[in-house]
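Hi,

Here is the structure for your files. My notes on its salt bridges follow below.

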Amino acid sequence: MKRFLYVAGLPLLLALGWFFLSKGSENFYAPPLRDILRAFVDTWTPERLRADVLPSLVRLLSGYIIAAAVGVALGVAIGLNRRLRATVEPVLEFFRAIPPPVLVPVIMLFAGIGNGMKIIVIVFGCVWPILLNTVEGVRAVDSVQLDTAKAYGVRGLASIRTVILPSASPQIAAGLRQALSIAIILMVISEMFAASNGLGFTIVQFQRSFAIPEMWSGILLLGLLGFALSLLFRLAEGRALRWYHGLRDAQRKS
């Protein structure tokens, strides 16, 4: 119960503050929260969720999973090979510095305006934090562990699976956590550029038709979606890295 209050306490206070501070608002562009909540209930019906939110989630998860697979695989390869790392590091830093939204028009030229373009944008933005954190995690693996594994004949893929990935997993999880928030942002941006459905497309359509409470309800739904995905990630991370958190707690107590 105390943990729930820690997680939900501040959002509830902010929502209550928003409700009471906006209660008497007559600003067309900043309607009262009660109007936004009323529009939320009327707008986001099961049919609308299936037509607009579900495609957005499919694009987001597809791009995120591809970025995770590519980032971890390349990160392990680069982290294990010092010469390869020295060769590709300047190129990685160059591409990482390019804001993914800038490339949306370029990607549209080659991939069109379908789901492929949106997934490519998400992959391009998400792969860098995963890749770079994986490289650093692999580089930080204890050399004693690697030497011990070699002494027992654990080499190649077996060493990666049983020694390197578990040791680097806390750093990889940090990259995956950063990439999740980037994926949500890029999902919305790519749908705002060119789409016929999706959450970003719907929010822009509401804005263009001056349906302001409906627009705010879409933004509210986007925030709730991001919070839910973040919570699910934390639960999965806590389960997968239970050994790491237990070890860290034991070290603090000692």
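**Salt bridges**

Helix H3 (residues 46–80) holds both Arg48 and Asp52, four residues apart, about one turn of the helix. Their side chains meet in a salt bridge, 3.4 Å from N to O. The term means a side-chain nitrogen of Lys or Arg within 4 Å of a carboxyl oxygen of Asp or Glu. Helices are DSSP runs of H or I, at least four residues, numbered from the N terminus.

A word on the source. This is a predicted model, where local features need pLDDT of at least 70, side-chain atom pairs count only at pLDDT 80 or more, and totals for chains, interfaces and linings use all residues. Residues are numbered from 1 along each chain as its sequence is written, and side-chain values use heavy atoms, with hydrogens and water left out.

Asp52 is buried, at 7% relative accessible area. Arg48 is partly exposed, at 28%. Cut-offs: buried is under 20%, exposed over 50%, partly exposed in between (1.4 Å probe, protein chains only).

The whole structure has six salt bridges.

Arg177 pairs with Glu237, the closest N and O atoms being 2.4 Å apart. Arg177 sits in helix H8 (residues 156–193) and Glu237 in helix H10 (residues 212–240), so this pair ties together parts 60 residues apart in sequence. Glu237 is buried at 13%. Arg177 is partly exposed at 40%.

Asp35 bridges to Arg38, with closest N and O atoms 3.0 Å apart. Both are in helix H2 (residues 33–43), three residues apart, so about one helical turn separates them. Asp35 is partly exposed at 25%. Arg38 is also partly exposed, at 47%.

Best wishes

Note on methods: Helices (H or I, at least four residues) and strands (E, at least two) are DSSP runs, numbered from the N terminus.
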